[in-house]
Amino acid sequence: MRLGTSVVVGALGVGAAALVRRLWTRTSTQADGATTRERWLVVTVALPQEEAAPDGRLPEPLAELGDRIEVEVRPAPGDKGTEIAARYRDPKEEHAGLASRVEGESPRQQLRSALRRSKQLLEVGEVLRVSPAPHGERSATPGGALQELVTEVGRKEGRL
Amino acid sequence: MRALCWTGVNKLSVETVDDPQLLNSEDVIVKVTLGTSCGSDLHLIGGYIPFMRAGDILGHEFMGEVVEVGSAVRKHQVGDRVVVCSFIACGRCWYCRQQLFSLCDNGNPNPAITEALWGFAPGGCFGYSHAMGGHAGSHAQYVRVPYADHGAFPVPDGVDDMTALFASDSAATGWTGADLGEVRPGDTVAVWGAGGVGQMAAAAAWARGAERVVVIDRLVNRLQQAEQHVSAETLNYEETDIGGELRELTGGRGPDVCIEAVGMEAHTTGPMQVYDQVKQQLRLQTDRPSAVREAVHACRKGGTVFTLGVFAAVVDKFPLGAVMNKGLTLRGAQMHGHRYIPEILERMEAGTLKTSHLATHVMSLEDAPKGYQMFKDKEDGCVRAVFRPHD
C-alpha cells in the first residue's frame, strides 16, 4: 500500500470508528431490554426567548413540520440564549432504513436539518451556502463518491 | 479563473476553474492579490486530514481587493483593499459573542464530520477540506468571502500588501496563542517552531509584556529570522538539550508559558522520532506530538501549555501525568482572528510588528506546486512561499 493511500485509509478509519460508536450509541437499549426512544434534538440560539419564538411562533423550517413534531422552547442557563428542542410525536417516524438515511431523506435527518437551519435563520438571517463552489477536475473514485455523500448529508447528520 | 487545486495525496496542479459567485447576501468576492502557503496546508496535501476531494482549491491566508458586494454587506465597497481572516465566522452566535470566532456555530455548513471526530464542530475555514466546511480556498484569482462584514478587514493605507498578508492567519494565530495562553508581564515564554506562526506567537508574547522569549527549531535560517525580526533568543534542538537549556535560562523553574506551534507532523531527535513515525504510518496514531510532549515536560509547575499547531485526532504517549501532577493548564485553539486582526493591523501601521520577512519566496500562482514543494522541503531557506495570482 502506498504511503498516501495508507494515510487516507487510516485517518478515514478514525472517522469511521467515531461514526460506528455514534450509531451504536443511538441503538442502545434500556436496562429492561426495551429499545430507547430517540433523544430530543436540541439547538441553542443566541437570542432571548421572545425573539427566538415570538408569541410561540417557530421559525419556518420547524413550522413546516407542523404537528408531526413536538417542540419545547426554554431559556438556556447562564444567559446563553434559548434552547429549542424537537422530536417526532410518533416514535415510528424516528426509525428509518439505512437507504433513506444514505439518501438524506430520513425523518430524523430532516428534523436535524430543520433545527440547524432554524438556528441560522434566527441568528444570522439566512442559511450559509457553500455550493456551487469552484473546483478543478474531479476524478471518479470511490473515495470521492464517499466524500460527496458525506458532504451531501453534512447538515443532516452529526451529533445534534 | 486560475486556481491551485489538490488533485490527490501529494499532488497539486494549477487549473482553470469557474469563477466564484455571491451565494449569500453577506458575501463579497475578493480579487486575491497575495496568498501564502501555510504549514497546516501540508497536512491536507499529504492526506493526513483526509477530507479533501480531488479538485478542491487550497489556501486560507490571503488579502486582496473587493470586486463584488452582496446586498446585505454594510462595511465594504468595491475597490476596498482588505485582508481576510482564514476562519469563517458569523459574528452573532454565542461563540462569536464570546470572541471565540473559530468556534462559530454557523461557519461550517458540513458539521457532521467534525462532530463525529471531536464531539462538536468548529467554524469553517477557507480551503481546509470538507471537514471544515468545504469552502473554496484562496489560492485562486478570486475567492468568495462569506460573512464579509465580520471576516474582511480594511488594510490601512500605511501598511503594504506583503506586511498585511500575514495578518490573515500567521499573526492572528500567534496572537491567539499568546493571549489565550495568558502570557503576563514578566513571563518567560518558550515557543516550539520558528515558522510564520511560531515567530508571530513570539511577537505576540512580547506585545503582552513577556520579559524573555525563547524560540525552538532546528532550521538555522528560521532561527535567524526569529532572532533578527522578533528579537527572540533561539535554541536548536538538534544541537542542545532543550529541557536543560530552558531550566538553565529560567533559574531552574521552566518557562511560564509554552506555546507549541508545530502540529501533527513534528520532528524530534532520538528514538521517539522513530517511534512516532512508525505509529503514525501504521495508523496507530494520527498525529506526531513530540513538541507537545517536550513542552509539557519543560513547562514550569502551574504554567500553561498552548497547542497552536494543528492536530487531527489521536496521539500516543501523551504525558497526562505531568499535566495533572504539575498543575498545568493545557489549552488549544484554532485562531480567533476576528478578535486580533484589528490590533495587528494597528501594530503594522505603527511599525511595531514586522511580517514581510516571512515571504522568502514570491512567485506567480502558476508556480504554486513548485512553491509548495520548496516550502515542504524547506528548500533554499523557504519560510513561506507567497503567490501572486494575477502575475
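Author: Here is a short tour of a sheet, its helices and some aromatic rings.

Reader: What are the ground rules?

Author: The model is predicted, so local features need pLDDT of at least 70 and side-chain atom pairs pLDDT 80 or more, while totals for chains, interfaces and linings use all residues. Residues count from 1 along each chain as written, chains are lettered from A and ligands numbered from 1 in written order, and side-chain values use heavy atoms, without hydrogens or water.

Reader: Sheet first. What is the strand order in chain B?

Author: β13-β12-β11-β14-β15-β16 of chain B, an open sheet of six strands with parallel pairing. Strands are DSSP runs of E, at least two residues; helices are H or I, at least four; both are numbered from the N terminus. Two strands pair if DSSP finds at least two bridges between them.

Reader: Which strands are at the edges?

Author: β13 (233–236) and β16 (329–332) of chain B, each pairing on one side only. Neighbouring strands are turned by 20 degrees on average, direction ignored. Axes are lines fitted to C-alpha atoms, for helices over the stretch in contact, and angles run from 0 to 180 degrees between N-to-C directions.

Reader: How many bridges join β11 to β12 in chain B?

Author: Five, between residues 188–192 and 212–217 of chain B. Val189(B) has Val213(B) as its bridge partner.

Reader: Which helices pack on it?

Author: Helix α9 (242–249) of chain B touches β11, β12 and β13 of chain B, at about 155 degrees to β13(B). Helix α11 (290–298) of chain B touches β11, β14 and β15 of chain B, at about 165 degrees to β11(B). Contact means heavy atoms within 4.5 Å.

Reader: Switching to rings. How many aromatic pairs over all chains?

Author: Four. Rings of Phe, Tyr and Trp (its six-membered ring) pair with centres within 6.5 Å; planes under 30 degrees apart are stacked, over 60 edge-to-face, the rest tilted. Trp94(B) and Tyr95(B) are edge-to-face because their planes stand at 85 degrees, with centres 5.1 Å apart.

Reader: Is Tyr372(B) buried or exposed?

Author: Buried, because its relative accessibility is 2%. Buried means under 20%, exposed over 50%, partly exposed in between (1.4 Å probe, protein chains only).

Reader: What does Tyr372(B) pair with?

Author: Phe375(B), edge-to-face, 6.3 Å centre to centre and 80 degrees between planes. Both lie in helix α14 (368–377) of chain B, three residues apart, about one turn.
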